[in-house]
Amino acid sequence: MDYINIQGDENTIIRELSNYMNQGGAKLIVQNLSSFMDVLGDDEAFDIKEEIQKQEDGLGFIVPRTNYYLNVKKTTIAFIGLLFDIQFTKGFASFVLDILGITADKIRKLTDIEKCVLLLIRTGSITISSGGYVFGSTPNCMNFALGCTYCQYDRCHLPQEVLNDTVQKLLEDKVIRCKDNSLVCCF
């Protein structure tokens, strides 16, 4: 699996990610990646460290500086990028296609509920039971900015039938698959 390993300030991270996507998409990912920490795997890291520097010109100003450390799989960045709205992905689709080896006939836009279910699958919040698919416990809402009608006090209360239908559709479209009695993303 290919990793992206970058260290520096926000502009450095954005400039390096711009090698894989347009600059607007890179900026959007860097500014929102801390919201998706649950999506990162055990072998991936995203750290933010703030340092205070004193200016050397004798004026005595204290200048805050934020340093980032990013070590994630390219597929994780692609996954997060796909969850953002299509308007931010100009140039990003070619990166995703190149990484995943997907042909153009496999491209389709995901609904907001499908995006949320994918995030919940990625975090391991959805399990397979004899009657279908269930939440292990009541999970945190993964997309609170969406204004979802199923979000109640930062918790996801997606009805069982909607969850089952959405998972079935994602399985049929080969976006996810069953592996060892659990659900995994195909990318």
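Predicted model: local features only at pLDDT ≥ 70, side-chain atom pairs only at ≥ 80, totals over all residues.
Residues are numbered from 1 along each chain as its sequence is written, and side-chain values use heavy atoms, with hydrogens and water left out.

I begin with two helices. Helices (H or I, at least four residues) and strands (E, at least two) are DSSP runs, numbered from the N terminus. Two packed helices are described by the angle between their axes and the distance between the axes. Axes are lines fitted to C-alpha atoms, for helices over the stretch in contact, and angles run from 0 to 180 degrees between N-to-C directions. Helix H1, residues 10-17, packs against helix H2, residues 23-32, at about 130 degrees, and their axes are 8 Å apart. H1 and H2 are therefore oblique to each other. Which residues in H1 and H2 meet? On the H1 side they are Glu10, Ile13, Ile14 and Leu17, and on the H2 side Gln23, Ala26, Lys27, Val30 and Gln31, where contact means heavy atoms within 4.5 Å.

Next comes Glu44, in the loop between H2 and strand E2 (45-54). Is Glu44 buried or exposed? Glu44 counts as buried because its relative accessibility is 9%; buried means under 20% relative accessible area, exposed over 50%, and partly exposed in between, with a 1.4 Å probe and protein chains only. A polar atom of the Glu44 side chain lies 2.5 Å from the backbone nitrogen of Gly41, and one lies 2.8 Å from the backbone nitrogen of Lys73. Leaving aside neighbours within four places in sequence, the contacts of Glu44 include Tyr3, Asn71 and Arg122.

Asn67 belongs to strand E3, residues 62-73, and counts as buried at 17% relative accessibility. Not counting residues up to four places away in sequence, Asn67 touches several residues, among them Gly8, Asp47 and Glu51.

Arg177 is placed in strand E8, residues 176-179. Because its relative accessibility is 39%, Arg177 counts as partly exposed. With residues up to four places away in sequence not counted, Arg177 touches Leu171, Ser182, Leu183, Val184 and Cys186. The C-alpha atom of Arg177 is separated by 9.5 Å from that of Val167, 10 residues apart along the chain.

Key
Parallel < 35°, antiparallel > 145°, perpendicular 65-115°, else oblique. Polar contact = N/O pair within 3.5 Å; in protein donor to acceptor, adjacent residues only side chain to side chain.
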